Amino acid sequence: MKKKLSAHLYGLFIILVLWYILSYSVDQRLIPPPHEVLILFGSLVMKGTIILHALYSLMRFVCAILLALLPAIPLGIAAGVLPRADRLLSPVVYLLFPLPKIAFLPIFMVLFGLGDLSKILLLWTVIVFQLLIAVRDGVKSIPAEYHIAADTLGLSPGRKFLKLYLPSTIPSLFSALRISVGIGMAVLFFAENYATSYGLGYFIMNSWVMINYPMMFSGILALGLLSYLLLSCLDMIETRLCPWND
C-alpha cells in the first residue's frame, strides 16, 4: 500500500514539475500554472459545477462498459471454447474492430437521437470488440490439463463456465477494461461536443471557445481524475476477484 501511494505521489510530482516548466517556458495565458488551475478547480468543485459535468461523463462511460460486458463475456467464451464459433465471430470482429467508430457518430445520432443513447452506443462499439477478444484469448490460454481435469470431474457446462472459463478470463478482461478507459475517454470527449450541454467534453471545449484557459485546464484535470478513479476502481475490483495476481 505504501509503495503504491509513493508511486502515485511520485507520478503526481513529475506531472506538476513538467506542467510548471511548460507553463513558464511557453505562455502562462495559454498554459496557466498548476496552482492557478487548482484554485479554480477547487472553487468549481465547491460550487458543484464541474462535479455535475463529471457525473454525466461517468454515467455515459459506466453504461457503455456494462452494456459491452453483456455480449463480450458469453461470446468471447464461446469463441474460446468452440472452434466453429471462433470461425464465425473472429472474421466479423477483425473487420469491425479497427474501424474508426467516431466516424459513425452522425449515423448514431440519426438512428438513436441526439441524447445520451447515441453517445453511449458509440462508446459501446469502441469497447465491446476488445473485451470480446480479451475474453476469447483468456479462454484459449487455459492449459489443456485444466480442461482434462474438468472433464474428469464431470463438470456440467454451467459449472465449467463458473469454475474454469470465467476465472481464467478475469485477468485479461481487466487488462482490456483498463485499455478501454483510455480509448473510451478520448471518444467520450469527442462525443460530448455535440448536442449536449453536460459532460466534461462539453465543459472543456466550451471553455476553449470562451478563451477561458484556466477553466479549460480545470476540465482536463477533472477528466484525468475521473480516469484515475476508474482505473483505481478496476485495480481494486481485480485485487478482490483475483488475489493471486496482486
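Rings of Phe, Tyr and Trp (its six-membered ring) are taken to pair if their centres lie within 6.5 Å, and planes under 30 degrees apart count as stacked, over 60 as edge-to-face and the rest as tilted. The model is predicted, so that local features need pLDDT of at least 70 and side-chain atom pairs count only at pLDDT 80 or more, while totals for chains, interfaces and linings use all residues. Residues are numbered from 1 along each chain as its sequence is written, and side-chain values use heavy atoms, with hydrogens and water left out.

View 1. The structure holds four aromatic pairs. In the pair of Tyr-20 and Tyr-24, the ring centres are 6.0 Å apart and the planes lie at 10 degrees, so the pair is stacked. Tyr-20, at 30% relative accessibility, is partly exposed, and Tyr-24 is partly exposed at 49% (buried means under 20% relative accessible area, exposed over 50%, partly exposed in between, with a 1.4 Å probe and protein chains only).

**View 2. The two faces of helix α2 (residues 34-47).** Pro-34, Val-37, Phe-41 and Leu-44 are the buried residues of α2. Seen down the helix axis, these buried residues fall within an arc of 90 degrees, so they line one face of α2; the arc is that of the directions from the axis to the C-beta atoms. The face turned away from this buried side carries the exposed residues Ile-39, Met-46 and Lys-47.

**View 3. The span and end of helix α2.** The 14 residues of α2 should span 20 Å at 1.5 Å a residue, and the end C-alpha atoms are 20 Å apart, which agrees; the expected span is 1.5 Å times one less than the number of residues. Just after α2, Gly-48 takes a positive phi of about 85 degrees.

How values were computed:
Helices (H or I, at least four residues) and strands (E, at least two) are DSSP runs, numbered from the N terminus.
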